[in-house]
Amino acid sequence: MGGLGEKETAVALMELHWRRSYETGHPIIDQQHRALFDIGNKLIHAAHSGKHRIEIELLLDAFVAHVKEHFATEEEVLGRTGFPLSARHKELHRALLERARELRKWYGAGRLAASELVGFIADDVIADHILKEDSKFALNDR
Ligand SMILES: [Fe+2]
Ligand SMILES: [Fe+2]
């Protein structure tokens, strides 16, 4: 049988799968969250499959740009509702964006392994922020 090799299995396990329960009910925010999952997946694959640095740098630039746009949109969209984001949530955004930019700079300077980016994307941005913090303003009960 042509099963997956050890490395492919590890990458498949890292893959980020979007679920309906992750939706907040705000169409623009959900669309941006999906886009972040998508770029996050591409980066994880690129990092694990030894893609050329330039490809990873371009994906990182796209990721940082999406994160920046998304945080601004999230703050703006919720600012128009009766439930604006808390000062704490905005501070988390600021710190994450700063960290993303820092990691991008370090990677560009050859001071960071591609694999080190994966933890930041999958754990800090996706799991801890999008899935945990952002679910606090979700419109639907779960
Ligand atoms: Fe978000
Ligand atoms: Fe957020």
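Visitor: Why is His-89 called buried?

Guide: His-89 has a relative accessible area of 5%. Buried means under 20% relative accessible area, exposed over 50% and partly exposed in between, with a 1.4 Å probe and protein chains only. His-89 therefore counts as buried. This is a predicted model in which local features need pLDDT of at least 70 and side-chain atom pairs count only at pLDDT 80 or more, while totals for chains, interfaces and linings use all residues. Residues are numbered from 1 along each chain as its sequence is written, chains are lettered from A and ligands numbered from 1 in the order in which they are written, and side-chain values use heavy atoms, with hydrogens and water left out.

Visitor: What makes His-93 buried?

Guide: His-93 has 2% relative accessibility and therefore counts as buried. Both His-89 and His-93 lie in helix α4 (residues 87-108), four residues apart, which is about one turn of the helix. Helices (H or I, at least four residues) are DSSP runs, numbered from the N terminus.

Visitor: Why is the arrangement around the iron ion (ligand 1) called irregular?

Guide: His-33 (NE2), His-70 (NE2), Glu-74 (OE) and Asp-134 (OD) coordinate the iron ion (ligand 1) at 1.9 to 2.2 Å. The four donor atoms subtend angles of 82 to 175°, so the arrangement is irregular. Four donors count as tetrahedral if all angles lie between 85 and 135 degrees; four count as square planar and six as octahedral if opposite donors are over 155 degrees apart and all others between 65 and 115; anything else is irregular.

Visitor: Which residue coordinates both iron ions?

Guide: Glu-74 coordinates both the iron ion (ligand 1) and the iron ion (ligand 2), which are 3.6 Å apart. His-33 lies in helix α2 (residues 27-48) and His-70 in helix α3 (residues 53-79), so this pair ties together parts 37 residues apart in sequence.

Visitor: How do you know whether His-33 and His-70 are buried or exposed?

Guide: His-33 is at 0% relative accessibility and so counts as buried. His-70, with a relative accessible area of 1%, is therefore buried.

Definitions and conventions. Donors = N, O, S within 2.8 Å, 3.2 Å for Na, K, Ca; no water. Helix = DSSP H or I, 4+ residues; strand = E, 2+ residues; numbered from the N terminus.
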